[in-house]
Every structure is written in structure tokens, then in C-alpha cells.
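User: I have a two-chain model open and would like to go through it. Can we start with where the chains meet?

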Amino acid sequence: MEEKKGSATDDDLEYVRACQKGDAEAFSVLVSRHSGKILNIVYRMLAEYDEACDVTQEVFLAAFRSIGKFKAEAKFSTWLYRIAVNYTKNRLRQRRNLSRHESVFLDDVADIQGACAACSASSDAGHPGEHMERRELNAAVEKCISGLDGDYREVLVLRDIQGFSYEEIKTVLRIPDGTVKSRLSRARLAMKHCLEKVIGNL
Amino acid sequence: MKNCKDIENLLPLYPEDVSSDDERRTVENHLASCDACRGELARLQKTHRLVTDLSDVEEPVWFQQKIMARVRREAQKKTIARKWFYPLRVKIPLQIAAMMVIAVMVVYIYRAGDEGIKEVLPGALPTKIESPASEPLPPLEVTREPELKKVPPVNLPEKVRVGVDAESSAGVMRPSAPTPVPEAKREAAAGPESDSQAARRYKSLSPAMEQTVAVPVADEIAAFVILRVPDVSRAVSGTEKILEESGASQITRRSLENKTTFHAFVEAKNLNDLLSRLSGLGDVDQKKIHEVSEERIWLIIEVTKHKF
């Protein structure tokens, strides 16, 4: 129901239809509207800029290839975000396979809250939060995010960084409402624990 | 009353008003009397602020153009596939389609007679068919030497014949070959077409092939230009005029949102002059300009509003 309501006001639909009729140039509007957001979602998930750019390109190419299959059951953007999340997960999987034995903190995240190995690595640094530079602070936050377990990280990125609604997250990730909430709750707790360890007093 | 551990698990979503009324009331009551949990909530909120304060990363320069270059390349593949397959209403491998074209041509050439071969060959066959089936061409020449080839051209089952490749087709080519024309016809058209129908079909395929060749492949994109201007609509007419005056051909224009994209072919020697004239309209940003030996360059110009 709500998805249909969403698609009724989907500004992208006009251009999607044009692409479906073979007008490839119309796709450039969709690219210019969404590339920034897609890049940022992917970047926060991968924590690697070049790789994120690479994946973002793949995402748009995949979307273009299968645009004929887009049935407007959800908003185009939601459909695109889902492709982005799937491609990012694939990339993370490849990365894990590649560096299984030299994995730093993506894999062996064995915190009770399902998170944060980065924090144990750098907890000794222990600067009090207020003395840290903004840049250092951001770096610490980024480190903690990339230390989160993948399932928690994606919910945190979509909700707290990208500002998605719970409804939208549910559609993009195809998980029930309760799962979105419980993952987000754990992700936030894990972030708090991690930041406490990395930057000291919050 | 719940203990702090239970409350702690409710705190992360508490500020967002997504918990049930019951839960909210429980948390509120507990917070009123528990310093530790108030501290915990404050730390969670600080964490939340730190996370939401992260700034977005910017896209690299030419990022969207790069994506579109790949998309165009993909679109071209689609178009070529459509041209080849859809008129036939069946999805058959390219080679077989090409073989059929050759076979139809064989009939055509055979009927045109020995004299015709010389006229037809250069234009009809080489280079335009981008498929392995164009390789068998040299044997066509060779087969005209009388001592060559004892290929039994008749009575081969259709499938084998198609797969056999030009050796056997070349056999059909041989003026003295005993192959009856109807046989070749059957394999060529895979249906009860008459000779003239077959020939017509061949003719109708030729222009399509030429188009395929004429459409530039994305690798050949020689010049990408972004023109940033204060007034897009004025600059668009200016750009069009400049393109026309520079002798550009096949100019197409597409306006989407606040951006207009031109595609055109220009003579390489006119390119620099064209670019310098464009810079009179606004800020010109150019990329991927190879030193090409080709005389014609596929040029893409994006006219967009200046970002102040």
C-alpha cells in the first residue's frame, strides 16, 4: 500500500519510463539525482573511497541493465538503494574472502554486542573526547562504524547517517520492522561502547 | 520496576518515539530516579550526534560523466543486439545470423553471374559484418580457381551446412558447382522464400549493418566537454550555432532538467577552434581528448548551469 503511494509521487518515474523505451540519455538525470547519495551509502559501508566509487558505478550500470524489470512497485530510489546495498555486501564478501587470514577488524568482531574490534585496538590511545580535534573525532567514529558487524552497520548508515525512515529501511533491506529496530538499537549501543573506548569519556 | 540493564536496551530508540507507550512510560519513570541511566542516555545521544555529524563525501570530478559513458556503451550493446535479433523474431546466435546473410548473398552473387561477382564483392561483404563469419571471405576469391575443392555441396543436412562455414558456401559459389539454387535458398532463408525475396531481405539488411558501423563505440569517445554557463538556454542556442558553423554533423540535442547534452561528430581539425569559441559562452571543462588520427571525432557537450 504505502509502496504504491510512494510510487505515485516518484519524480524519477518519468525518466525511468523513458529509459525503458530505449532513451539512454534520460538515465543521466537519474544518475545526477542519486549518484551522490549512493556513493555515500556505499562509502560508509566500505570505508574505502576508491572502492566505493567503483561499486557506485557498478550499481548504476546494473540498474541500467535491469531497468526494464523495474515495475514501480516501490520508488525507483528505493529499488536503486537495494541494488547498492546488495552490491556493497557482495564487495564486502569478496574482500573478506581475499583477506581472510590478514583480516584486521572487519571479520573478527567478537564483542558481546556484536561489534567493535577497532575500539580494543586503539583504546590505549585514550584521549579525552574534548581534547580531540574534529578530524580525529571523525576518524574515530568512522573506525567504529567500520568495526560494526555488517548487519548493524547497514542499518546505522541508512538511519543515522542517511536519515532513512524505518519504513524505507524495511523495504530496502527486506527485513521486518522489529529486526530493523533491534539491529539499530544494538548498533547504537555498540557505537557508544566503541567510542567510549576509543576517545575516552563521552 | 525494571532494572538498569533492561532499561539500557530500551534507551537507544527512546528519543525517536518508536517504542510503545508502555515502554516509554517505563523508561521515563526509571530515568526520573536513576542517575546512571540518565548518564547512559546522555552518552548515547552524544554518540548519535557524533555519527550524524559525519559529513558527506564528495563525488570525484567527472564521476557522473564516467557512469554515463559506461551506460551509453551498454545502451549501444543493447541497440546492436536488437538490430540483429529482433527483426528475425528469434534469438539465434550472431554467427548463424551472419551465416544466413552470407548464404543469401551467395544466392545473390550466384544469380548475378560471374561478371557480377567483381562488382558486388567489394561493397557487399568485407569489414561491415562484425562477426567471425566475415573471415571466410578470402576463400571466396580462392574458390574461383578451377582446381580447388572437392566439397560436396549438395544434400548436406541443413544444420550441418550452417555450421560448416564458408568452405562449403564457397563451394556453392563456384560457378561450375553443381549445387542447385533452391538448395542454397533453403538453407539461406530457412523458409519458402523466393529468390527475389531472399535478395530483398539481403538488401534490407545492408543498411542496418552500415548503421551499426556508423554508430560510435564508447571507446571512440574522443571529447567530453562540460560548458558551465549562467544562462543555459542562451548558451544552448549559442552552442548549436557554433557546432553548425564548425561543420559538425549528426548533431543531436537533449535537454534534461537543468542540463542540455549535445552529441555530434566534428572534424578533428575544427575541434580546437570549436572549443575556443565555446569558451566564449562560459567555462569550458574538457576531458578525454585523445590525439586522434581519425578525421572525425565524436563530441559530447554538456551545457549546465554555473555553480556559484
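User: How many residues does the contact take from chain A and from chain B?
Analyst: This is a predicted model. In it, the contact takes 49 residues from chain A and 40 residues from chain B.

User: What area is buried between chain A and chain B?
Analyst: About 4300 Å², and carbon and sulfur atoms give 60% of that.

User: Which residues in chain A lose the most area to chain B?
Analyst: Glu25(A), Gln57(A) and Arg188(A). Together they make up 15% of what that side buries.

User: How many salt bridges are there between chain A and chain B?
Analyst: The count is nine. One of them joins the side chains of Glu25(A) and Arg72(B), at 2.6 Å from N to O. The interface also has 18 residue pairs in polar contact.

User: Which elements give two or more residues to the side of chain A that touches chain B?
Analyst: Helix 3 (27–46), helix 4 (49–65), helix 7 (134–147), helix 8 (150–161) and helix 10 (177–199) of chain A. Helix 3 of chain A gives the most, with 12 residues. By class, that side of chain A has 25 nonpolar, 10 polar and 14 charged residues.

User: Back to Arg72(B). Is it buried or exposed?
Analyst: Arg72(B) has a relative accessible area of 6%, so it counts as buried, the cut-off being under 20%. Its place is in helix 4 (residues 63–85) of chain B.

User: What is Arg72(B) in contact with, leaving aside its neighbours within four places in sequence?
Analyst: Glu25(A) from the other chain, and Phe224(B), Thr261(B), His263(B), Trp298(B) and Ile300(B) from chain B.

User: New topic, strand 3 of chain B. How many of its residues are buried?
Analyst: Eight of its nine residues, so the strand, residues 259–267, is mostly covered.

User: Which strands does strand 3 of chain B pair with, and in what sense?
Analyst: Strand 2 (residues 249–256) of chain B runs antiparallel to strand 3 of chain B, with six bridges joining them. Strand 5 (residues 296–305) of chain B also pairs with strand 3 of chain B in the antiparallel sense, over nine bridges.

How values were computed:
Residues numbered from 1 in each chain as written. Chains lettered and ligands numbered in written order. Predicted model: local features only at pLDDT ≥ 70, side-chain atom pairs only at ≥ 80, totals over all residues. Heavy atoms only, no water. Buried < 20%, exposed > 50% of the residue type's maximum accessible area, 1.4 Å probe, protein only. Helix = DSSP H or I, 4+ residues; strand = E, 2+ residues; numbered from the N terminus. Pairing = 2+ DSSP bridges. Contact = heavy atoms within 4.5 Å. Buried area = accessible area lost by both parts, 1.4 Å probe. Salt bridge = Lys/Arg side-chain N within 4 Å of Asp/Glu carboxyl O. Polar contact = N/O pair within 3.5 Å; in protein donor to acceptor, adjacent residues only side chain to side chain. Nonpolar A, V, L, I, M, F, W, Y, C, P; charged D, E, K, R; others polar.
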